[in-house]
Amino acid sequence: MTQTTALNIIPLFVVIPLTGSFLISILGRRFKALPDLLGFFATLGSLLAAIAAVWAINSYGTLVYSVGAWKAPIGIAMVLDGLSVFMLVVVNLIASAVCVFSINYMEHYTSKWKFYTLFLLMVAGMNGVVITGDIFNLFVFLEIASVASYALVAFGTEKHELEAAFKYAVMGTVASLFILLGIVFLYSFTSTLNMADMASVLAGGKSANIILMVSVLFLMGFGFKSALVPFHAWLPDAHPSAPAPISAMLSGVLIKSLGIYALIRIFYNIFGITAEISSILMFLGALSMVIGVFLAIGQWDLKRLLAYHSISQIGYVILGLGLGTPLGILGGLFHLFNHSVFKSLLFLNSGAIEYETGTRQLKEMGGLIHKMPVTGTTNLIASMAIAGIPPFNGFFSKLIIIIAVVQAQRYGYAFWAVLASVLTLASFLKVMKYAFFGELKKKWEKIQGVPAFMKISMISLAIICVIGGVLIIPTAREMFLDRAVDVISNGSNYASVVLKAIM
Amino acid sequence: MTIDQLFRFDNLSIFVSIFIVFFSVITIIYSLGFMRKEKRLISYYLYLILTLLVSMAAVFANNLILFVIFWGFLGLLLYLLIGFGDKKRTQATAKKAFIIIGGTDAFMLFGIALIWVMTGTFKMDGLNIALNSKAAILAYLCLAAGAFAKAGAMPFHTWVPDTAEDAPTPVTAFLPASLDKLLGIYFLARISLYIFKMNFAMNTFLMVIGSVSIVAAVMMALVQHDLKRLLGYHAVSQVGYMVLGIGTGNPIGIAGGLFHMLNNAIYKSGLFLSGGAVEKRTGTTNLDKLGGLAKMMPITFIAFLIASLAISGVPPFNGFASKWMIYQGIIETAKNGNHLWFIWLVAAMFGSALTLASFMKLIHAVFLGQPFDEVRSAQNPIREVGPTMWIPMVTLAGLCVLFGVLVYRVPLKMFILPAIGEPVSFIGSWWAAPATILLVAGIIIGIIIYLLGKAVKPRETEIFVGGERVSDVPEMRLSGTEFYNTIQEIGILKFIYELANKKFFDIYEVGSKLTFGFNGFLRYLHNGVLPTYLAWCLLGMMVLFFILLR
């Protein structure tokens, strides 16, 4: 693969899902099998492209694609660096697993083609956010993904789903507005929208209060998208109300690509991290970590419990990333990857349970492992991974985060991280106890096994949970995680690297 | 990274690993009989063998990260193995055990991180950290918490009695009674002897934990009504001796602690396996319903008797030998100006006496006394268990005798003293072999006198009270469970027992109350009203504005 070919991969991340979405919306109603096929191949294509991109940045370094051959900063640039490749792999990996799951799962909803249209639109939006090098363009993609997700939360069109979607839409719009306001201020201050250009303008000039104000707007806006406490309240309503595959997407990747990725990109690469922002991020992270898990442990609705855990786990990621040391960033990013795998797996498992039994209430389940051994086992694996039990992947990332936090002498945060981990274990053992172990209830004696595609999807994610720890073996780490860590820990180099790549 | 940096084979780990293999073999043989009719046997044996391999790896690990990976995985295996029980509360118990063990494992991560920050290495040998900074003390406590939870010392002990009651008996005999003791005390010894340099205060702390564990757990054991649960409390009490021994900080005490760890694993799994045999044949472990089994299950009875004499510290069995060493270790601490030695000694001896007392009750209630009607009139007459079950029991009972009689020649010389690596000086010698000969002679004389008495042919008849045979009047039957119930009525003890019954000392129950209290408050705040949520967002933003722009 030459450099030109490598460059031509970059727009594919938006083009493939967008085309898929377009084709499904016009042809899907007529050809019944088309939505499944197109959805699967579009996400698989994006995943393959993301894997190719890993190879590309290891050979050529940061790559910049100018849309329509207009050179940045006038035209829109798409930047492929270590961090965006990392996020692209995460997003498309989960998207393809979810797509395989949906083939069977979405059968019990009507108009599957609408689902796939919105789903691929959301994937296109997330890929766009991650790949773009232009801050207004980032906002546009963010809105594409957000609006698609509002519609998907309401997809079941039951009463509580519509209510959750309404709340989510209202609050999400408020957050988006603040983000837009922040971008307007930034544009007026720097006279450019290209993120690399903006970073070099800001690095040259003196720091101004307007940057601090924009920081607050972005902290709120993107903090909302990544569900940090106290901007988290939409999540426990919205995520459980969506169909299970969408819950998996929302908790698994949406909050990360729209929220965490954007926060990190802006604060580390554009503004340059300051001690104050760093401590605010760590504080918000620790707060989400603890509040989230305390809220989760008392829930009896399985999906709601999982949703609260997303808040808690996002807290770990932000705690690690906010720390700013290379070890902390490594831990944060690795936890981000792991969390998207095990949390989407947990949501898919909850979907499988709901598919078979029609309930999400833990108290109504019981002994399901006798009837659904695959789901039970994958759920046990994912639970152990999220609780940080060795040798599953979550253990390694939590370990790195704890070591990094202790290394920075933040013993208090380390203590809260450990405590949250204990409570996470407790609440997932509760799930296992009430849902899967114990006596099988009479009314579940007739349930069938889970359909094949759902099993394939769950098993493959479970395998990643088991072997995920290999990503920190030096060779694998240098290829994948370290590239992303470099982008963040040498945050101020972003402008020069990207501007050089444009030339 | 070479293999040397990851694994290390020293005398301590080799000693522990030999017995890990031994107990695994014993458990597997016993399970062949006990678990025969259960379901999912393939996973059961798979987990057993995995436990064996992972424990070996943990014992030989020389890298803290590697160690904690294996150690943490053992918690999961324990959870899965307890889950094979079929009692009503089994799942709750499995959950509780794993939360306590997994929770302390998480704190171990914290401790390991602290060690790494202090020394810059994860390698276990070559570390010698003085306990003179807050970080070092915190690190030691975090690691010790992991060891305590695994071994079942207070305050992380509460999973042990529950597990004993609800898990399948071979699992209890395998994990809480033998393997987890070996591992927990191995790790406690590893951190106390090698990784950290102990000081006076930390040794005293260990001795307090040990003494409290001994006395409190045995007091709880006295009033139990369930065979396995009673044994579970003794499992906690015995850990106290080991912690006490290691806490003395002198070679003889540490050797005693390690020796007691080994002895306890032997007789405690012997007790559980015999208890399991009783459960297998009678279908119950409730002491009120058992009785008079000595004639029907003689092999089980003998094995149980020997093991209970050993646990009570009756010479010449092995429990006495190791307790004797621990006592010497405690007395030895007086030389370093430790004026509290008297308290530890009294606690240890008092605990030993109460242990004997509670085993008197147990043996009476299970094997002697009158059989309960339901048990006696069962469809199939109760008979001895099959060889796959009695061979392990007899082997363990035999070891109790062997390690007690040949105490210097076999266990100490071959395993314990090499593991310590320091010369051990005995201040009060105990000539085991001559003493045994005297004891055996005494017993033989006693038997002769008994037989002589029989030769006169007195009339034998059933026990009767007020002209009626006891077996005809069920309420006249003495089960033995009530022996010590009156201690619950004594002043301050009454108060403590009441608190204990309310689970006030159970770290798990207290923790879950606190957690759910806070959870209730937070749920009250999350009322689902959109304007409230929006108000939080704005409030959060205002606070951020204030912080950044003031």
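In chain B, the loop between helix 6 (134-151) and helix 7 (159-166) contains B:Pro155; helices (H or I, at least four residues) and strands (E, at least two) are DSSP runs, numbered from the N terminus. The peptide bond that joins B:Met154 and B:Pro155 is cis, with omega at about 0°. The model is predicted, and local features need pLDDT of at least 70, side-chain atom pairs count only at pLDDT 80 or more, and totals for chains, interfaces and linings use all residues. Residues are numbered from 1 along each chain as its sequence is written, while chains are lettered from A and ligands numbered from 1 in the order in which they are written.

A:Pro391 belongs to the loop between helix 15 and helix 16 of chain A.

The overall form of each chain was then computed. Chain A has 21 helices and 2 strands. Its radius of gyration is 21 Å, close to the 23 Å that the globule rule gives for 503 residues, so chain A is as compact as a globular protein of that length. The radius of gyration is taken over C-alpha atoms, and the globule rule is 2.2 Å times the number of residues to the power 0.38. Along the principal axes, the C-alpha trace of chain A spans about 70 × 60 × 45 Å. Of the 503 residues in chain A, 65% are buried; a residue is buried if 20 or more other C-beta atoms lie within 10 Å of its own, exposed if 12 or fewer, and partly exposed in between, with C-beta atoms placed from the backbone. Among contacts in chain A with a separation of 6 or more, 80% are between residues 24 or more positions apart, two residues being in contact if their C-beta atoms, placed from the backbone, lie within 7 Å.

Chain B comprises 21 helices and 4 strands. Its radius of gyration is 26 Å, close to the 24 Å given by the globule rule for 550 residues, so chain B is as compact as a globular protein of that length. The box filled by the C-alpha atoms of chain B, taken along the principal axes, is roughly 105 × 65 × 50 Å. Buried residues account for 50% of the 550 residues of chain B. Of the contacts in chain B between residues at least 6 apart in sequence, 80% join residues at least 24 apart. B:Lys87 and B:Ala167 are 80 residues apart in sequence, yet their C-alpha atoms are 7.7 Å apart in space. B:Lys87 lies in the loop between helix 4 (64-82) and helix 5 (90-119) of chain B, and is partly exposed, with 13 other C-beta atoms within 10 Å.

The contact between the chains takes 48 residues from chain A and 43 residues from chain B. On the chain A side, helix 7 (159-190), helix 9 (209-225), helix 12 (275-297), helix 15 (373-387), helix 16 (393-407) and helix 17 (411-436) each supply at least two residues. Helix 17 of chain A gives the most, with 10 residues. By class, the side of chain A that touches chain B has 36 nonpolar, 7 polar and 5 charged residues; Ala, Val, Leu, Ile, Met, Phe, Trp, Tyr, Cys and Pro count as nonpolar, Asp, Glu, Lys and Arg as charged, and the others, Gly among them, as polar.

The largest nonpolar core holds 386 residues, such a core being a set of buried Ala, Val, Leu, Ile, Met, Phe, Trp, Tyr and Cys residues joined through C-beta atoms within 7 Å. Its members that touch the most others are A:Met220, A:Leu319, A:Ile402, A:Ala417, A:Cys465, B:Ala307 and B:Cys400. Residues up to four places away in sequence aside, A:Ile402 touches A:Ala414, A:Ala417, A:Val418, B:Leu109, B:Phe110 and B:Ala113.

Two loop residues of chain A have positive phi without being glycine. A:Ser191, in the loop between helix 7 and helix 8 (195-204) of chain A, has phi near 60° and counts as exposed, with 11 C-beta neighbours inside 10 Å. A:Ala227, in the loop between helix 9 and helix 10 (235-241) of chain A, has phi of about 60° and counts as buried, with 28 C-beta neighbours inside 10 Å.
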